[in-house]
Amino acid sequence: MTKSEFQSSRRRALKILGTGTIVAGMGASIRAQTTSSPALMMDGHVHITNRVYWEKADLWQPSDAGWDYARARRSGVNCIIDNLGTYGAWNYNYTPKQLLRLIETAYRYSEQHADKMTIVTSTAEARRVIASSRMAVFLGCESGWDHEGDLDVLGALYRLGLRSVQFATQSGFNAFADSALARSQGGQKPDYYNGLNDRGRALVAEMNRLGILIDITHGTEATQAQLIEASRVPVVASHEAIKAVSGVGISDDILKALARKGGIVGIHGAAMLVGKRYRNWTAEHREKAADAAKSTPNMVGYQPNFPRNPGDRGEYIERFDKEFGDIWRSRAAWKEMTEREPLVPTANEWAEHVDYVIRTVGADHVAIGLDLAGARSAVPMNSGGYGDIVAALRRITTAENVRKITGENWFRVLDTAKA
Ligand SMILES: [Zn+2]
């Protein structure tokens, strides 16, 4: 078989495998929806284990806010990268501990629901899981794995299944790279190193050697440019808006450099990033919007206001868990302002970002990275809305491009992450 014959017969086989078992056990409406979903439907930036850990939630049950497996599966999703977020644990370097807790939670939860999901470490494994009508879950991390950048810690995390790492820390600069959010979240200089330092470059080489996908999101523009340059393989911006479209997000320069290297950008779903009308209204009503946001504490930039004392025997972490857990759970109370509700972007507005990437660098370089983290408006509002996203994509581009954007582009970069 030629390569394209092989690919199209593989596609047909996947389509049959992906829908066959579902058809056997479910009603006509679900069958119809699943049949019209792409064979591979992947969101590369999801947060779910954090919710299982802090909310003790069973997210195979539909939940009103944020992202849950139940609605996602029903709307066609069969593969994700779950971004384990170590927010708040950064300043005393409790990050590796927090990440280990989340990895353990992810495996335990996956084992409890083994009939519906499996944690995977390669695309071959993911295709087998998808063919058995289960959800394939890659593990990634956001906001740090070890802020000192220890190579042995990185190696151990790889062995535990970590396959994607957001290089710059979300809450401030770490020991090896600047963060675009350093000032807003950590009160720090955003240009401490003017990008990466030597340790950062050594880490890029090690991630390339191991096959850990490098995510440039939340790096400063200099960090992003230097990561693209230093990596020997394609890198990703897992969840970003396009600056040329909405005024915030990835710049044209970075987009072009990312694409030249073979990388992809996953388009964000947050209203505040992708929605022009929503952003304009918020800019015009800054005080009102800030006031409404007050009831939701910021878990990303959380810093304990108590020290870890010498001789601590667990008191610090006990207090941290209580305080951070309360902040996390309080996010559930968030509500959109009535006046701003009609301005929440539509799936078509979301697709404008995709369209811009296709026209600027081509359809091989764009994918889905919605980051439906809850406590804010987004498109779609929850994980039941992937059908709207796919329909919007079908309105702007070809079936072949939709196939790439809804998953094959993510698989390509996962396949080439190892140098
Ligand atoms: Zn993020």
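Colleague: Which residues touch the most other members of the largest nonpolar core?
Modeller: Of its 91 residues, those are Trp67, Tyr69, Trp145, Phe167, Val265, Ile267 and Trp350. By nonpolar core I mean a set of buried Ala, Val, Leu, Ile, Met, Phe, Trp, Tyr and Cys residues joined through side-chain atoms within 4.5 Å. Buried is under 20% relative accessible area, exposed over 50% and partly exposed in between, with a 1.4 Å probe and protein chains only. Keep in mind that this is a predicted model, where local features need pLDDT of at least 70 and side-chain atom pairs 80 or more, while totals for chains, interfaces and linings use all residues. Residues are numbered from 1 along each chain as its sequence is written, and side-chain values use heavy atoms, without hydrogens and water.

Colleague: Which helix gives the most to this core?
Modeller: Helix 17, with seven residues. Helices here are DSSP runs of H or I with at least four residues, strands are E runs of at least two, and both are numbered from the N terminus.

Colleague: And what does Tyr69 touch?
Modeller: Leaving out residues up to four places away in sequence, Tyr69 touches Ile48, Leu59, Trp60, Ile80, Tyr109, Met117, Met135 and Val137. Contact means heavy atoms within 4.5 Å.

Colleague: Back to helix 17, which residues in it are buried?
Modeller: Ala347, Glu349, Trp350, Ala351, His353, Val354, Tyr356, Val357 and Ile358 are.

Colleague: What span should its 15 residues have?
Modeller: For residues 347-361 it should be 21 Å, and the end C-alpha atoms are 21 Å apart, which agrees. The expected span is 1.5 Å times one less than the number of residues. Just after helix 17, Gly362 takes a positive phi of about 105°.

Colleague: New topic: which residues are the protein donors of the zinc ion?
Modeller: Glu142 through OE, plus His218 and His239 through NE2, at 2.0 to 2.6 Å. Donors are N, O and S atoms within 2.8 Å of the metal (3.2 Å for Na, K and Ca), and water is not among the atoms, so sites may look incomplete.

Colleague: How are the donor residues spaced in sequence?
Modeller: The pattern is E-x75-H-x20-H. Glu142 sits in strand 4 (residues 135-142) and His218 in the loop between strand 6 (213-215) and helix 10 (221-230), so the pair ties together parts 76 residues apart in sequence.

Colleague: Are Glu142 and His218 buried or exposed?
Modeller: Both Glu142 and His218 are buried.

Colleague: Last one: how many disulfides does a search of the whole structure find?
Modeller: Zero, taking a disulfide as a pair of cysteine sulfur atoms within 2.5 Å. For Cys79, the nearest cysteine sulfur is that of Cys141, 18 Å away.
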